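Thanks for coming, everyone. Let me put the model up on the screen, and then we'll walk through a few spots in it.

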Amino acid sequence: MPRPVPIENRRDRIVALVKTCGFMAVEELARRFNVSVQTIRTDLRDLQEQGRIFRRHGKAGPAPAPDNTSYENREVWNRNGKRALATKLTSLIPEGCTIAIGTGTTAELAAQSLVQHRNLTVLTNNIHVVLTLQNAPGVTLRLSGGTIRTRDLDVIGADSADFFGCYRADFGIVSVGGMAPEGDLMDFNMDEVRARRALVQCCDHAILLVDDRKIGRKALCRDGHASDFRTVILNSPPSDALQKRLVQSRTSLIIAS
């Protein structure tokens, strides 16, 4: 009978294996390393806490990237899908209202769809949104103060949370770093989560925009669910599980084609 692999070597090899093979079941890893399922579960728990692997539904896979890719790369990813979301959004936002708009390339395109709206008051932590809407007719722009994340030209974390906490908006518009097919929402760090959470809490009607490139995309921090929103706009049909949750929560679902 083969001897168990020592713990240090075993854990390094688990990380290397899932990077090569993708998600693997706990039972398969236990068989490969000749240890108990419980031992592997302990390994995986510790490896996830160290950020070296990702656990989901009894399987282990490669750790998500510690941060999102560059803004320039994200601008061209699924641009048509994001534009379809923004086009659907336009009809939901009346002129003369107050809207809070979050960070990211999807939010920037959402702002572009509103440049002809008159007399908007816009609350945002996204400099791209300010630049996009600066010439909108009768617009009032309020930008979060704080430390600017120069890569994305935005403000996240406690500064943006305090900013949104000072206002009440009619509508809030956000996207996310990733969304599980079942609707769990993910972002790449807790500062992004705090900013999104504060924006959603400051508005009467929260709108989530998710293009299909984001569905199934892993990010490190999980917080919230699509059913927490009043309206969800997708550019592809949701999974059966997500559809059921949205119906139960009375969330309006819009499919942008």
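Let's start with a question: in β7, which residue is the bridge partner of Ala100? It's Gly172. Before I go on, a word on ground rules: this is a predicted model, where local features need pLDDT of at least 70 and side-chain atom pairs count only at pLDDT 80 or more, while totals for chains, interfaces and linings use all residues. Residues are numbered from 1 along each chain as its sequence is written, and side-chain values use heavy atoms, with hydrogens and water left out.

Okay, back to β7. When I say helix or strand, I mean DSSP runs numbered from the N terminus, H or I with at least four residues for helices and E with at least two for strands. Strands count as paired if DSSP finds at least two bridges between them. Strand β4, residues 98-101, runs parallel to β7 with 3 bridges. β7 also pairs with strand β10, residues 203-210, again in the parallel sense, over 5 bridges. There, Val174 sits opposite Leu208 of β10.

Buried here is under 20% relative accessible area, exposed is over 50%, and partly exposed is in between, using a 1.4 Å probe and protein chains only.

Next, helix α5, residues 79-90. Its 12 residues reach 17 Å from first C-alpha to last, close to the 16 Å expected at 1.5 Å a residue; that expected span is 1.5 Å times one less than the number of residues. Among the buried residues of α5 are Lys82, Leu85 and Leu89.

Now look at Pro137, in the loop between α7 (127-133) and β6 (140-143). Pro137 is partly exposed, at 22% relative accessible area. Its C-alpha is 6.2 Å from that of Asn119, 18 residues away along the chain. Beyond its neighbours within four places in sequence, Pro137 is in contact (heavy atoms within 4.5 Å) with Val115, Gln116, His117, Arg118 and Asn119.

Last stop: Asp46, in helix α3, residues 37-49. Asp46 is buried, at 17% relative accessible area. Its side chain makes a polar contact with the side chain of Arg11, at 3.0 Å. By polar contact I mean a pair of N or O atoms within 3.5 Å; within protein, one must be able to donate a hydrogen and the other to accept it, and residues adjacent in sequence count only if both atoms are side-chain atoms.
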